[in-house]
Amino acid sequence: MRDAFFRALARLGAADERVWALTGDLGVGLFEPFEAAAPGRYLNVGIAEQTLVGVAAGLAYAGKVPFAYSIAPFVTSRAHDQVRVDVACAGANVKLVGVGSGVSYGTLGPTHHAIDDLALTRVLPGMTVLAPGDPAEAERAAHAAAVHEGPVYLRLGKNGEPALLPPDVDFRIGRALELRGGPDVTIACTGTALREATAAVDLLAQEGVDATLLHFGTVKPFDAEALIAAAARTGAVVTVEEHSTVAGFGSAAAEVLAESGAGAVLRRVGLPDTFAHAVGSRDYLVDRYGLSGPAVADAARGLLERSPACPTT
Amino acid sequence: MSTSAELRLEADAARRIVLEAALASGSCHIGSSLSIVDILTVLYQRTLRAGEGDRFLLSKGHAASALYAVLARAGVLGEGDVIAGYCRDGGTYAGHPERHVPGVELTAGSLGHGVAVALGRALADRADGRDARTFCLVGDGELDEGSVWEAVALAGHLAPPGLRLIVDANGFQGLGRVGEVLSLEPLGEKFRAFGWVVSEVDGHSHAALACALGAPARRPVAIVARTVKGHGVPALEGEFMSHYRSFRPHERAILFAGLDRIEEAA
Ligand SMILES: Cc1ncc(C[n+]2csc(CCOP(=O)(O)OP(=O)(O)O)c2C)c(N)n1
Ligand SMILES: [Mg+2]
């Protein structure tokens, strides 16, 4: 996903003189194509995330389109007041890019895990929050972010995520993709959790449970219409995110469903209000904290038993 | 055995743990750990007075393996546990230290946090009438963070007597040489301007380190330790990529070449 983003960034830099790339001393060997394509518009500000975001805001006020890159917690949490004031409140045309969604930094531990970045960005008025599910979508999301006028947070995985969507996936800000349309249960996911959600849908299919799979490449603005339609049809929704279950994607879904009157039951799968203190790789932690494909399928089964649309026998 | 020979053996033993753990886990940040093994060895083997409550906070948390290694040498952690449990699925020791690990005083990994926390501990010691010293170690790239300088300024102003800051000046940070990314030299003068006592030492000379770390002072002291990133592994010494390179078991000889050379000479 990271490499896909950097491909897009170099193309954007070549095509539009307003595009700048800023980093907080991260991304070894990744900015060279951009530097070649956009000479003079690359800047390493050093290990100084508040300055990274502040400088990006200043460039944006002068009409530039800066992409400010760091590890996800450092560009969202560490620099949050700059994001809040200089970018969101001021409505600056800054594109914040966070690499390492969820627990993708694995063994590096909780300081490097992005379990609260969706919460911190989606709460800010005027912020657009993008969380692509595979490399092809990341590339398109980067283009969409550049074209969109206003603050954007783009949440990337790390590298090596499988291709799960068509290479020419039609990414549009604010629109969820319906990847399966089954009547039994809705699995709604965002970002890198597309992998676990897809695995869960496949597992359920083997048992004759035909699920709807909704992928939200945008967390904000939230595609309420898509979720409500699927919830009304299936009566049961499982949300899946590589993020805390508090205040992130599942919470956004819960807010929408609670006010919709769709009457669907809901289970949120994500990090259960804990830092991932256990030590291990991304896949190990996903399994350990109950976000794996089988765990998502379990959550769906649990709902099917309770779902008003599916009477218990 | 002379005290200098003893420290040399201790440092080599700690380096071995760092390298074994890196090899077993295939993890990176090896250069960052190797540049502080000598500093931490002197600190834990000579400087810290457990009875007085002296303590150490590693702010550049990505050098966690060096901290685990000296804690193992000091008997706080098990050597085998550190090697087997560092950066592994189901392991105990993450790539950045957390306070729930015995001997770890600071949850670190997000750079720029340590100096303020160390200042807080030093202020608590002064308030409670303890004669303890609080040592904190930062990277030279980490000095880019504004939070470091906020705490440096406040520490100079409040001047708690027990605060000691060690700068691991290895000349490299994430994307290049410190001098090229964001030069903060002359470092010593910057700390002096904020009211600190300053010393500059060869960060691999055990005698110089012991002297600088243990020097009595009644206000905050900054010790600028000039180090070599990757020290002790010829293939990594002074190499920018020592931050990122990881090694597979079949490359063992590359990692241990420096240590084995020392042993053959002894
Ligand atoms: C707040 C924050 N920003 C960025 C990083 C990513 N990062 C980890 S190590 C490093 C370079 C550190 O350089 P330095 O402090 O000189 O330590 P060295 O590796 O040279 O020992 C960077 C940028 C981080 N861990 N925390
Ligand atoms: Mg350095």
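**A chat about chains A and B**

Modeller: At 31% relative accessibility, Q50(A) counts as partly exposed. Please keep in mind that this is a predicted model.

Colleague: Which helix is Q50(A) found in?

Modeller: Q50(A) belongs to helix α3 of chain A, which covers residues 49-61.

Colleague: And what is Q50(A) in contact with, leaving aside its neighbours within four places in sequence?

Modeller: With those neighbours set aside, Q50(A) contacts R78(A), A79(A) and Q82(A). There is also a distance to note for V75(A): the C-alpha atoms of Q50(A) and V75(A) are 8.1 Å apart in space, while the two residues are 25 residues apart in sequence.

Colleague: You mentioned Q82(A). Is Q82(A) buried or exposed?

Modeller: Q82(A) counts as buried, because its relative accessibility is 19% and the cut-off for buried is under 20%.

Colleague: Where does Q82(A) lie, and what does Q82(A) touch?

Modeller: Q82(A) is part of helix α5 of chain A, residues 80-89. Not counting residues up to four places away in sequence, Q82(A) touches Q50(A), V53(A), G54(A) and V87(A).

Colleague: Let us change topic. How many residues of chain A are in contact with chain B?

Modeller: On the side of chain A, 25 residues are in contact with 32 residues of chain B. The area buried between the two chains is about 2,000 Å², and carbon and sulfur atoms give 56% of that area.

Colleague: Which three residues of chain A supply more of the buried area than any other three?

Modeller: They are I47(A), R78(A) and V279(A), which supply 31% of the area that chain A buries against chain B.

Colleague: What about chain A as a whole?

Modeller: Chain A has twelve helices and twelve strands. Its radius of gyration is 19 Å, which agrees with the value near 20 Å that a compact globule of 313 residues would have. Along its principal axes, the C-alpha trace of chain A spans about 70 × 40 × 35 Å. Of the 313 residues, 61% count as buried.

Colleague: How many helices and strands does chain B have?

Modeller: Chain B has eleven helices and seven strands. The radius of gyration of chain B is 17 Å, close to the 18 Å given by the globule rule for 266 residues, so chain B is as compact as a globular protein of that length. Of its 266 residues, 58% count as buried.

Colleague: Why is helix α4 of chain B largely enclosed by the rest of the structure?

Modeller: Helix α4 of chain B, residues 64-73, is largely enclosed because nine of its ten residues are buried. Among the buried ones are L67(B), Y68(B) and L71(B).

Colleague: What covers the buried residues of α4(B)?

Modeller: The cover includes α1 (3-25), α2 (30-34), α3 (37-47), β1 (55-58) and α5 (79-85) of chain B.

Colleague: Which residue with a positive phi follows α4(B)?

Modeller: That residue is G75(B), with a phi near 85°.

Colleague: One last topic, the charges. How many positive and negative side chains does chain B have?

Modeller: Chain B has 26 positive and 32 negative side chains, and the centres of the two sets lie 3 Å apart. In chain A there are 25 positive and 35 negative charges, with mean positions 2 Å apart.

Note on methods:
Residues numbered from 1 in each chain as written. Chains lettered and ligands numbered in written order. Predicted model: local features only at pLDDT ≥ 70, side-chain atom pairs only at ≥ 80, totals over all residues. Heavy atoms only, no water. Helix = DSSP H or I, 4+ residues; strand = E, 2+ residues; numbered from the N terminus. Rg over C-alpha atoms; globule rule 2.2 N^0.38 Å. Buried < 20%, exposed > 50% of the residue type's maximum accessible area, 1.4 Å probe, protein only. Lys, Arg positive; Asp, Glu negative; His and termini not counted. Charge placed at Lys NZ, Arg CZ, Asp CG, Glu CD. Contact = heavy atoms within 4.5 Å. Buried area = accessible area lost by both parts, 1.4 Å probe.
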